[in-house]
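Here is a short report on one chain. Look at the sequence and the model first, then read on.

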Amino acid sequence: MPNKALIMEEIESLSEQELDKILSLIRLIKNKPRLTTQELFADLRGKVTYLEDLTTPTTDEWELL
């Protein structure tokens, strides 16, 4: 993690407008509802076709389709 003093220096160097934009973004991120994995991929459930075993190593080069 960066040094706290460096972070404070960076914040102090910002203009008031830049700081307002950053604080607005922080508020948005803080209030954004978090989706579960189930919710995030719900529309894909049952629509994916696996052509081989998912545990097969993939170190070989892929051929162009």
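L44 is partly exposed: its relative accessible area is 42%, which falls between the 20% limit for buried and the 50% limit for exposed. This is a predicted model. L44 sits in the segment that follows α3 (37-40). How far apart are the C-alpha atoms of L44 and L54? They are separated by 17 Å, with the two residues 10 places apart along the chain.

A5 belongs to helix α1. A5 is partly exposed as well, because its relative accessible area of 41% lies between the cut-offs of 20% and 50%. From A5 to Q17 the sequence distance is 12 residues, and the C-alpha atoms are 22 Å apart.

The two residues and their partners are listed here.

Helix α1 covers residues 4-13. Are its residues covered or uncovered? Helix α1 is hardly covered, and zero of its 10 residues count as buried. At the start of α1, N3 contributes a side-chain contact: one of its side-chain oxygens comes within 2.8 Å of the backbone nitrogen of A5.

Next, the whole chain. It has three helices and zero strands. Along the sequence the order is α-α-α. What share of the 65 residues counts as buried? The share is 0%. The radius of gyration is 22 Å, whereas a compact globule of 65 residues would have one near 11 Å. Along the principal axes, the C-alpha atoms fill a box of roughly 55 × 30 × 25 Å. The accessible surface of the chain is about 7,300 Å². Carbon and sulfur atoms account for 59% of that surface.

Rolling a probe the size of a water molecule over the atoms shows where empty space is left. The largest pocket holds about 320 Å³ of space. Ten residues, given as 10 in the count, line this pocket, and those closest to its centre are E52, P57, T58, D60 and W62. How does the lining divide by residue class? Five lining residues are charged, three are nonpolar and two are polar.

Conventions. Residues numbered from 1 in each chain as written. Predicted model: local features only at pLDDT ≥ 70, side-chain atom pairs only at ≥ 80, totals over all residues. Heavy atoms only, no water. 1 Å grid on protein atoms, 1.4 Å probe; cavity = no way out; pocket = protein on both sides within 12 Å on 5 of 7 lines; lining within 4 Å. Points joined across faces, edges and corners; volume = space filled by probe spheres on them. Nonpolar A, V, L, I, M, F, W, Y, C, P; charged D, E, K, R; others polar. Helix = DSSP H or I, 4+ residues; strand = E, 2+ residues; numbered from the N terminus. Rg over C-alpha atoms; globule rule 2.2 N^0.38 Å. Buried < 20%, exposed > 50% of the residue type's maximum accessible area, 1.4 Å probe, protein only. Areas by Shrake-Rupley, 256 points an atom, 1.4 Å probe, with all protein chains shown as cover. Polar contact = N/O pair within 3.5 Å; in protein donor to acceptor, adjacent residues only side chain to side chain.
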